[in-house]
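Please keep the sequence and the three-dimensional view at hand while reading.

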Amino acid sequence: MIFDLMAKKLIGFGPEKSRKLRKNLDVFFQGMVSFPLYFPGTAFYKCIQGRKNVQKVLKDLLKERLSAPQKRHGDFLDEVVDELQSGPGMLNEKFAIDLVGALLFASFATVSSSLTVAMKFLSDQPSVVEALKEEHEAILKKRAGANTSAITWEEYKSMAFTAQVTNEIVRLSNVAPGIFRKTLTDVQVKGYTIPAGWLVMISPISVNLNPELYEDPLAFNPWRWQDESKKSTLLKNFMPFGGGLRLCVGAEFSRIQIALFLHTLVTKYRWKEIKGGEVQRISEIVFPKGYHIQIIPREESIN
């Protein structure tokens, strides 16, 4: 559902086209963490083919749009075409294709699962729902009489408690099992040396659930982000979207999607739990051929 919506808003695709595109992104996602054997039939081969198919669709679509830039479609790609037509700048066609592809992927692979987990947390925490209602109903009340029914950027930036709820949702959902980086120089970490050129897998879940940083880390507690004395430390170690120059390009896009979902949910709907369930935490990634990596908190010993 979310992918169909985002495909419409980003590139003007209807349900039939978007679902064909999603199949290729699904294959790409399934093979992202797989043994890199590029041979027909392997998960990695399917992953690369899925990526190529998505890029071809987006490349052909961008070429079509650039051939008739005056025709408007009311989607994000209109803005991309305008930027490309405006002259030399940071954005080129290759980067534009990668950007749109990344945003589509973010809506498919991260936001949908985060919102699924969010519904569980919200159902278990009526006090959070009431606080969200208060914030969003105040926005509607302030807007009364204005000639708009859509959320403005200023309204989005004013959603202080919603931002705290979003932080907790993405902190606890931990949709990225690992973030890869390469050391450019020798790096010293607690008496150990990581040699230059080594590939390092960072575990966001180990950081985002570290009890040394987050009191009662498994608890869904948006109010933890209100403590100004701890906020800077929490944000410094907050990495659901990675960090640094390689911060996820869709980070703010994902946060906006979550905020808009929460706004619509608490102002237009009520819900109740029909059948209970528990959040299942998967703490390990299993690689083929017997390779096994277990992601564990930093304070525990590594075997």
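**The nonpolar core and its surroundings**

The largest nonpolar core holds 57 residues, and among these Ile-11, Leu-62 and Leu-104 touch the most other members. At least two residues of this core come from each of the helices α1 (2-11), α2 (15-30), α3 (43-67), α4 (76-85), α5 (93-124), α6 (126-143), α8 (160-173) and α11 (251-268). Helix α5 gives the largest share, 15 residues. The model is a predicted one, and the points below are grouped by topic.

**Overall form**

- The protein contains 11 helices and 6 strands.
- Along the principal axes, the C-alpha atoms of the protein fill a box of roughly 60 × 50 × 40 Å.
- The radius of gyration of the protein is 21 Å, which agrees with the value near 19 Å that a compact globule of 303 residues would have.
- Of the 303 residues in the protein, 36% are buried.
- The protein exposes about 19300 Å², and 57% of this area is supplied by carbon and sulfur atoms.
- Among the contacts with a separation of 6 or more, 61% are between residues 24 or more positions apart.

**Contacts of two selected residues**

- Which residues does Leu-104 touch, when those up to four places away in sequence are not counted? They are Phe-3, Met-6, Ala-7, Leu-10, Ile-11, Leu-21, Leu-25 and Leu-58.
- Gln-257 is located in helix α11. Gln-257 counts as buried because its relative accessibility is 10%, and buried means under 20%.
- Leaving aside residues up to four places away in sequence, Gln-257 touches Ile-2, Met-6, Ser-107 and Val-111.
- Between Gln-257 and Pro-211 there are 46 residues of separation in sequence and 29 Å in space, taken from C-alpha to C-alpha.

- Phe-29, Met-32 and Val-33 make a nonpolar surface patch of about 240 Å².
- Is Phe-29 buried or partly exposed? With a relative accessible area of 33%, Phe-29 is partly exposed, because this class covers values between 20% and 50%.

**Salt bridges**

- How many salt bridges does a search of the whole structure find? The search finds 12 salt bridges.
- Asp-82 and Arg-72 meet through their side chains in a salt bridge, with a distance of 2.9 Å from N to O. This pair links distant parts of the chain, since Asp-82 belongs to helix α4 and Arg-72 to the loop between α3 and α4, 10 residues apart. Asp-82 is partly exposed at 33% relative accessibility, and Arg-72 is partly exposed at 43%.
- A salt bridge also joins Lys-120 and Asp-124, whose closest N and O atoms are 3.1 Å apart. About one helical turn separates Lys-120 from Asp-124, because they are 4 residues apart in helix α5. Lys-120 counts as buried at 18% relative accessibility, whereas Asp-124 counts as partly exposed at 42%.
- Arg-224 and Glu-168 form a salt bridge in which the closest N and O atoms are 3.2 Å apart. Arg-224 lies in the loop between α9 (204-208) and α10 (228-236) and Glu-168 lies in helix α8, so the pair ties together parts that are 56 residues apart in sequence. Both Arg-224 and Glu-168 are buried.

**Residues with a positive phi angle**

- Lys-190 is not a glycine, yet it has a positive phi of about 50 degrees. Lys-190 sits in the loop between β2 (187-189) and β3 (192-194). Its relative accessibility is 75%, so Lys-190 counts as exposed.
- Asp-216 likewise has a positive phi of about 50 degrees although it is not a glycine. Where does Asp-216 lie? Asp-216 lies in the loop between α9 and α10. Asp-216 is exposed, because its relative accessible area is 53% and exposed means over 50%.

Methods:
Residues are numbered from 1 along each chain as its sequence is written. This is a predicted model: local features need pLDDT of at least 70, side-chain atom pairs count only at pLDDT 80 or more; totals for chains, interfaces and linings use all residues. Side-chain values use heavy atoms; hydrogens and water are left out. A nonpolar core is a set of buried Ala, Val, Leu, Ile, Met, Phe, Trp, Tyr and Cys residues joined through side-chain atoms within 4.5 Å. Buried means under 20% relative accessible area, exposed over 50%, partly exposed in between (1.4 Å probe, protein chains only). Contact means heavy atoms within 4.5 Å. Patches are made of residues with over 30% relative accessible area and no salt bridge: like charges are joined within 9 Å, nonpolar side chains (Val, Leu, Ile, Met, Phe, Trp, Tyr) within 5 Å. Accessible areas come from the Shrake-Rupley method with a 1.4 Å probe; for residues, only the protein chains shown count as cover. A salt bridge is a side-chain nitrogen of Lys or Arg within 4 Å of a carboxyl oxygen of Asp or Glu. The radius of gyration is taken over C-alpha atoms; the globule rule is 2.2 Å times the number of residues to the power 0.38.
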